Amino acid sequence: MTFENLLITNENGCATITINRPKKLNALNIDTINELHNAFKNLDEDAAVKTIIITGSGEKAFVAGADISEFAHFTVEEGEALARNGQEILFDFVQNLSTPVIAAVNGFALGGGLELAMASHFRIASDNAKMGLPEVSLGVIPGYGGTQRLAQLVGKGRAMELVMTAGMISAEDAKNDGLVNYVTTQEELLPLAMKLASKIARNSSVAISAAIKAINDNFNDGVNGFETEISEFGNCFGTEDFKEGTTAFLEKRRANFPGE
Ligand code: COA
């Protein structure tokens, strides 16, 4: 897999996607969004890949937003299509991926950058990171799911404040808000992401993808997450991973999950 704007590595089933447009602070242009879709899709389809880390290249930015130069002259129809297509092929796509996605926020995560981090399954950040949804300062609103996911993660009142002020918050404040799970130094960020990824990779990938679905359904309109949990729980009983997990426990050994 080679891409113009992404670097992909794979270490023992832990893949890392690095958005690589450092001169533009890794801003998400349409090409990069398309490449991200293909990269996530390919990695998700590869059974050997157990976790995916998404990060930005350089020391300054995770992603400084959607590429403003691309949409500055868009019409109403083009604006709506941009948001709809982006949500479908990247942001919702990542949220619903069956492979766990960890966002390692290594610097500015603004606008589409924070939206990409929020679409990931969870987030960790380096202590230099700054996060925010500055769209209203440009005369637009977040269009890649930001109004919805920020409120889900930090609560409605705090989301209202962050969106209305277009302000940036520090990594530490983001942790206090529940937006990121851990804050660490820049040097320790990827090692911490890898450590979390390898902890995840020891568990049943089939059960993890069922858990992602059930947790996501808590936030899907018109869907009863408890019902999803019940049926996904039941489905687990028919998997090879469940047989292996319970057998290994009873035999007092570590499970070696086939991922089926
Ligand atoms: N879209 C397009 N280009 C962007 C960008 C974006 N979202 N964010 C940064 N860039 C580009 C800059 O235009 C600049 O390019 P140039 O060198 O060709 O002029 C380059 O990245 C470096 O950015 P610069 O603004 O010079 O860095 P800085 O350290 O002074 O400021 C930020 C950093 C993040 C505060 C500032 O770049 C910024 O406010 N970016 C836009 C953030 C935003 O509003 N995002 C939401 C978009 S919907």
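This is a predicted model: local features need pLDDT of at least 70, side-chain atom pairs count only at pLDDT 80 or more; totals for chains, interfaces and linings use all residues.

Analyst: Here is a quick tour, from the overall build down to single residues.

User: Good to know. How many helices and strands are there in the protein?

Analyst: The protein has 11 helices and 10 strands.

User: What share of the residues is buried?

Analyst: Buried residues are 43% of the 260.

User: What about the accessible surface, what does that come to?

Analyst: About 13,400 Å². Carbon and sulfur atoms hold 54% of that surface.

User: What part of the contacts is between residues 24 or more positions apart?

Analyst: Among contacts with a separation of 6 or more, 68% join residues 24 or more positions apart.

User: Let's zoom in. How many aromatic pairs does the structure hold?

Analyst: It holds 3 aromatic pairs. One of them is Phe 91 with Tyr 144, and that pair is stacked. The ring centres are 4.4 Å apart, with 15° between the planes.

User: Where do Phe 91 and Tyr 144 sit in the chain?

Analyst: In distant parts of it, 53 residues apart. Phe 91 belongs to helix H3, residues 76-95. Tyr 144 is in the loop between E8 and H5.

User: Is Phe 91 buried or exposed? And Tyr 144?

Analyst: Phe 91 is buried, because its relative accessible area is 0%. Tyr 144 comes in at 6%, so Tyr 144 counts as buried too. The cut-off for buried is under 20%.

User: How are the rings of Phe 237 and Phe 242 arranged?

Analyst: Their planes meet at 40°, so that pair is tilted. The ring centres are 4.5 Å apart.

User: Which residues do ring pairs link into a cluster?

Analyst: Phe 233, Phe 237 and Phe 242.

User: New topic. Which residues make the nonpolar surface patch?

Analyst: Ile 68, Leu 138 and Val 140 make a patch of about 240 Å².

User: Where is Leu 138?

Analyst: Leu 138 lies in the loop that runs between strand E8 (130-132) and helix H5 (146-154). Its relative accessibility is 47%, so Leu 138 is partly exposed.

User: Now Thr 51. Where is it found, and what does it touch?

Analyst: Thr 51 is in strand E3, residues 51-56. Leaving out residues up to four places away in sequence, Thr 51 touches Gly 13, Cys 14, Ala 15, Thr 99, Pro 100, Ala 197 and Ile 200.

User: Is Thr 51 buried or exposed?

Analyst: Buried, because its relative accessibility is 1%.

User: Last one. Where is Leu 192?

Analyst: Leu 192 is in helix H8, residues 186-201. Residues up to four places away aside, Leu 192 touches Ile 124, Tyr 182 and Thr 184.

User: How far apart are Leu 192 and Met 1?

Analyst: In sequence, 191 residues. In space, 25 Å from C-alpha to C-alpha.

Conventions
Residues are numbered from 1 along each chain as its sequence is written. Side-chain values use heavy atoms; hydrogens and water are left out. Patches are made of residues with over 30% relative accessible area and no salt bridge: like charges are joined within 9 Å, nonpolar side chains (Val, Leu, Ile, Met, Phe, Trp, Tyr) within 5 Å. Accessible areas come from the Shrake-Rupley method with a 1.4 Å probe; for residues, only the protein chains shown count as cover. A salt bridge is a side-chain nitrogen of Lys or Arg within 4 Å of a carboxyl oxygen of Asp or Glu. Helices (H or I, at least four residues) and strands (E, at least two) are DSSP runs, numbered from the N terminus. Buried means under 20% relative accessible area, exposed over 50%, partly exposed in between (1.4 Å probe, protein chains only). Rings of Phe, Tyr and Trp (its six-membered ring) pair if their centres lie within 6.5 Å; planes under 30 degrees apart count as stacked, over 60 as edge-to-face and the rest as tilted. Contact means heavy atoms within 4.5 Å.
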